[in-house]
Structures are given as structure tokens and as C-alpha cells.
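Colleague: I have a model open and would like to learn how to read it. Can we take it feature by feature?

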Amino acid sequence: MPDVFILGFTKCATTSLYNQLMQHDGVSRTKRKEPHFHFAQVRGTQFSGPADDDTVSQMFVTDENQYKALYEPGKLSIDGSAMSIEDTDTLDIINAQYPNAKFIIMLRNPIERAFSAYSHLVRDARETLTFRQALEEELSGKRDNHLPIWQNIKSSRYVAATQYARTLFGD
């Protein structure tokens with residue numbers, strides 16, 4: 001448990017896939033698609049983006065017993081914590097703890113993904129800059145301690161993370 005990890009980058013349709021899989025009777029229906037348990041083990045829970053602390057408190061599960069309790073025994077368990085792929089140490093932990101798990105990596109046109117993430121933050125009234133200003137701020141390093149959704153460029157560079165995941169998990 002979990003049996004399957006949906007990896008991918010934010011705004012790459014991981015939620016759509018997760019919701020479709022949740023409709024099957026044999027799948028454990030957890031109330032948290034993205035518990036970010038393993039990501040929090042590596043990166044912690046302190047991020048400096050506007051309202052990042054709200055996101056962490058609503059989504060992150062840091063207690064191992066609470067994480068395990070998310071899944072129904074005897075059913076296929078799916079962890080949809082998309083950000084996990086963005087940190088190689090997180091992938092190493094997942095691979096070590098769940099060597100028999102299956103992995104689905106979701107990708108999207110990187111430019112569309114970046115603008116979708118930006119638009120998501122604008123919609124939630126967290127982003128106040130123009131898209132160009134947001135990119136410039138990221139390039140200057142001002143978003144290094146924000147959650148990955150704020151990192152429009154970094155989170156759209158799939159090659160290294162995807163290759164690393166394929167090395168660990170296979171094709």
C-alpha cells in the first residue's frame with residue numbers, strides 16, 4: 001500500500017485520471033488524492049509562497065499512521081501526489097518503501113502546463129503578477145522556497161525527472 005502512484009507534474013491531468021480510477025469498485029476511495037506524505041518527508045512542510053501554508057495544512061499528511069489509514073485494506077490503493085516526481089530523493093524513498101508499486105507519469109505540453117499552473121494561482125487569488133513577471137521572479141530565485149506549482153519553468157522541464165523515474169521504476 002499504495003499499489004499505484006500517479007506521478008506527473010501539477011496541472012498535467014493527474015486529478016482527472018485519479019477521479020476516473022476512483023470510480024472502479026476495486027479501488028480504495030481515499031478522501032485525499034494528494035497526501036504528499038513522501039514529499040513532506042524530504043522537503044518538509046515549510047514553503048514561502050502566498051497561502052502555501054494553507055495548501056500544506058489542507059493536503060499534506062505527515063503522520064505515517066494517518067497516511068496508511070487513508071487506504072482501504074483489500075482494495076487497490078492509489079497515491080496521486082503529483083509533486084513527488086519533482087524531487088529525486090522523494091522518488092528514491094517511494095521506490096525503497098514500495099518496490100512492487102506501479103507508476104503512472106502524466107505529462108502535458110510544458111507551455112500549456114506552466115500557464116495552467118499560473119492561471120490556477122490567479123483563480124485562487126494567490127498570484128498577483130502577470131505571467132511574464134511571475135516567470136521573471138522565478139528566474140531571479142524568489143520562488144525557490146515556494147511549492148512547485150509556483151515554479152512555472154522548473155515544473156515544465158520534464159526530461160531529467162522523467163528519465164530518473166524511468167531509471168528507478170522502468171518503462
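Colleague: Is His36 buried or exposed?

Modeller: This is a predicted model, so everything here is computed from its coordinates. Burial is read from relative accessible area, and under 20% counts as buried. His36 has 2% relative accessibility, so His36 is buried. His36 sits in the loop between α1 (14–22) and α2 (37–43).

Colleague: Which value does phi take at Ala125?

Modeller: About 60 degrees, again positive, and Ala125 is not a glycine. Ala125 belongs to the loop between α6 and α7.

Colleague: Is Ala125 buried or exposed?

Modeller: The cut-off for exposed is over 50%. Ala125 has a relative accessible area of 66%, so Ala125 is exposed.

Colleague: Where is Arg126 placed?

Modeller: In the loop between α6 (110–123) and α7 (131–139).

Colleague: Why does Arg126 count as buried?

Modeller: Apply the cut-off of 20%. Arg126 counts as buried because its relative accessibility is 13%.

Colleague: What does the side chain of Arg126 make a polar contact with?

Modeller: For a polar contact, look for N or O atoms within 3.5 Å. Here the partner is the side chain of Asp52, at 2.5 Å.

Colleague: Which residues is Arg126 in contact with, leaving aside neighbours within four places in sequence?

Modeller: Pro50, Ala51, Asp52, Thr55, Leu121 and Trp150.

Colleague: Which peptide bond is cis?

Modeller: Omega is the angle to check. The bond from Met1 to Pro2 is cis, with omega near -15 degrees. Pro2 lies in the segment before β1 (4–8).

Colleague: How many residues does the largest nonpolar core have?

Modeller: Start with the general idea. Nonpolar side chains tend to be buried together in soluble globular proteins. In this model the largest nonpolar core has 26 residues. Phe5, Tyr67, Ile78 and Ile85 have the most contacts inside it. The elements giving two or more residues to this core are β1, α1, α5 (88–97) and α8 (159–169). β1 supplies the largest share, four residues.

Colleague: What does Phe5 touch, not counting residues up to four places away in sequence?

Modeller: The list is His38, Tyr67, Asp79, Ile94, Tyr98, Ala101, Lys102, Phe103 and Ile104.

Colleague: What share of the residues is buried?

Modeller: Buried residues make up 45% of the 171. As for surface, the chain exposes about 9100 Å², with 49% of it from carbon and sulfur atoms.

Colleague: How are contacts read along the sequence?

Modeller: By separation. Among contacts with a separation of 6 or more, 74% join residues 24 or more positions apart.

How values were computed. Residues are numbered from 1 along each chain as its sequence is written. This is a predicted model: local features need pLDDT of at least 70, side-chain atom pairs count only at pLDDT 80 or more; totals for chains, interfaces and linings use all residues. Side-chain values use heavy atoms; hydrogens and water are left out. Buried means under 20% relative accessible area, exposed over 50%, partly exposed in between (1.4 Å probe, protein chains only). A polar contact is a pair of N or O atoms within 3.5 Å; within protein, one must be able to donate a hydrogen and the other to accept it, and residues adjacent in sequence count only if both atoms are side-chain atoms. Contact means heavy atoms within 4.5 Å. A nonpolar core is a set of buried Ala, Val, Leu, Ile, Met, Phe, Trp, Tyr and Cys residues joined through side-chain atoms within 4.5 Å. Accessible areas come from the Shrake-Rupley method with a 1.4 Å probe; for residues, only the protein chains shown count as cover.
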